[in-house]
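Welcome! Please take a look at the structure below, and then read on for a short tour of its pockets, cores and helices.

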Amino acid sequence: MKKVPYRNQFSKVFVFSLVVSLLFSVSLSAQDTAAESADVSVESAEAAPTDGDPAAGKALFNQNCAACHALNRKMTGPALANVESRLAEEEGLDREWLYAWIKNSPGMIKSGDAYAVRIYNEYNQAAMTAFPTLTNEDIDNILAYTAAPPPAPTAPAAGEAAAVTAGAASGGISNEMILGALALVFALLVVMLFLVNNTLRRIAEANGISIEKERAEKRVPIWKAFAQNQFLVLVTVIFLLLGSAYFAYGWMMQIGVDQGYAPIQPIHYSHKIHAGDNKIECKYCHSSARVSKHSGIPSLNVCMNCHKSIYEYKGNPEGPSAEDLANGYTNEFYTKEIKKLYKAVGWDEENQKYTGESQPVEWVRIHNLPDFAYFNHSQHVSVAGVECQTCHGPVEEMEIMYQYSPLTMGWCINCHRETNVKVEGNEYYEKIHAELSKKYGVENLTAAQMGGLECGKCHY
């Protein structure tokens with residue numbers, strides 16, 4: 001019998017390449033770990049005057065002054081960076097004057113102090129709040145904070161973005177190398193299988209075994225065989241008709257249901273920041289939900305109650321998340337949206353006053369019931385005590401507001417059947433609850449038991 005030479009160099013090459021690829025991927029992951037551990041943030045220390053603590057002053061400034069003042073820009077009041085040195089150089093006023101002004105600014109204006117009256121008139125006669133409880137030491141700390149050099153301009157968003165980008169880049173390189181190594185191993189496997197096939201063929205030929213391909217017999221095409229079988233055709237047609245009817249019914253039942261609808265608004269408003277991070281109550285902005293059928297779209301002056309002072313978004317102390325950065329929600333993005341608000345209301349940041357040149361904002365409505373369905377927000381919010389999240393979902397987690405519930409008739413009816421009416425301390429339901437409790441023999445009544453399923457409640 002003729003022997004076929006067997007060469008095992010290929011198996012050795014395969015094992016060697018596999019070991020190399022594994023070692024290479026381990027070394028790359030070790031390099032990534034070392035790079036991450038070597039990434040240490042360095043904070044620059046702020047030089048502080050000897051007569052005050054700028055760290056304590058910053059806390060006092062944020063607590064008492066930040067609503068009307070910033071360090072480097074005019075707001076309701078003047079900018080306060082280096083205020084003590086500027087007053088000493090330009091007006092000849094010392095720290096004692098600042099003590100008196102901060103503790104009793106109305107008194108100084110009334111006494112006719114020249115600079116106090118001038119600054120009062122310059123800023124539209126906006127009276128500064130007096131802080132008699134602040135001690136001289138507290139004021140020294142605030143002045144130390146205003147005199148401290150600004151920190152290095154390392155924006156958290158930019159730093160986070162750079163870190164995420166660098167991490168993604170390094171991860172991308174290592175992943176590409178690993179995928180390349182795996183592709184090489186796959187190619188080697190294909191080559192080995194091809195060589196093994198040739199070797200087996202040689203062995204068969206050496207042993208006198210002939211390998212012939214079986215000739216395919218002529219068969220009836222499958223489509224022709226199917227068409228000739230009347231039973232299969234009938235069953236197939238029935239299944240097709242039933243499936244089409246099912247999908248057509250499901251599609252028609254979704255007409256008018258806009259669950260998940262999330263339009264892009266002309267000014268980006270993040271419920272996650274306002275209702276979530278800042279804990280602003282829903283009914284502060286949607287105040288008409290307490291007393292009206294509609295919850296209403298807040299007017300822009302409600303926004304300006306806060307944004308007269310909040311002119312830029314500084315973000316959370318921990319900085320934007322990787323998900324926010326991936327979606328472009330940086331501090332700069334939110335600050336640009338605040339500028340859109342200023343343009344719409346005609347707010348002059350520099351002079352801190354309205355210009356009178358306002359522009360309408362074309363908000364896109366998200367929740368819209370059919371005209372034949374009646375729904376009263378005040379009845380649910382004020383009388384029934386239903387939480388906003390019951391219908392609108394976890395709005396405090398929504399970056400872009402969307403329709404959370406289907407708002408279909410069946411959804412409303414199920415809620416009326418399952419929800420107990422809150423009657424404790426509610427005179428509106430006191431007599432009704434007493435009578436219906438006797439009728440049904442229960443302590444708690446659902447909205448359905450109180451007539452919540454009558455057609456005329458919602459359609460009239």
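The second largest pocket holds about 730 Å³ of space. Here a pocket is an open set of points on a 1 Å grid over the protein atoms alone, where a 1.4 Å probe fits and protein lies on both sides within 12 Å along at least five of seven lines. Its volume is the space filled by probe spheres set on the points. This is a predicted model, where local features need pLDDT of at least 70 and side-chain atom pairs count only at pLDDT 80 or more, while totals for chains, interfaces and linings use all residues. Residues are numbered from 1 along each chain as its sequence is written, and side-chain values use heavy atoms, leaving out hydrogens and water.

The second largest pocket has 33 lining residues (those with an atom within 4 Å of a point), and H69, P78, L80, W101 and M128 lie nearest its centre. Two or more lining residues come from each of α3 (83-90), α4 (95-103), α6 (114-122) and α7 (136-147). Helices (H or I, at least four residues) and strands (E, at least two) are DSSP runs, numbered from the N terminus. By class, the lining has 23 nonpolar, six polar and four charged residues.

Buried means under 20% relative accessible area with a 1.4 Å probe, protein chains only. This core has 24 residues, and L87, W97 and W101 touch the most other members. Helix α4 gives the most to this core, with five residues. Leaving aside residues up to four places away in sequence, W97 is in contact (heavy atoms within 4.5 Å) with L87, M108, D113, Y115 and A116.

Helix α13 (residues 300-307) has L300, V302, M304 and H307 buried. Its buried residues pack against α11 (271-277), α12 (282-285), α15 (331-345), β1 (347-348) and β2 (353-354).

In the loop between α7 and α8 (156-206) you will find A148. This residue, A148, is buried, with a relative accessible area of 12%. The C-alpha atoms of A148 and A55 are separated by 9.8 Å, although the two are 93 residues apart along the chain.

Finally, an unreviewed UniProt entry lists residues 177-196 and 231-252 as "transmembrane region"; such annotations may be inferred rather than shown by experiment.

| Span | Helix and strand | Distance between end C-alpha atoms |
|---|---|---|
| Residues 177-196 | 100% helix, 0% strand | 29 Å |
| Residues 231-252 | 100% helix, 0% strand | 32 Å |

Note on methods:
Nonpolar A, V, L, I, M, F, W, Y, C, P; charged D, E, K, R; others polar. Core = buried A, V, L, I, M, F, W, Y, C linked by side-chain atoms within 4.5 Å. Buried < 20%, exposed > 50% of the residue type's maximum accessible area, 1.4 Å probe, protein only.
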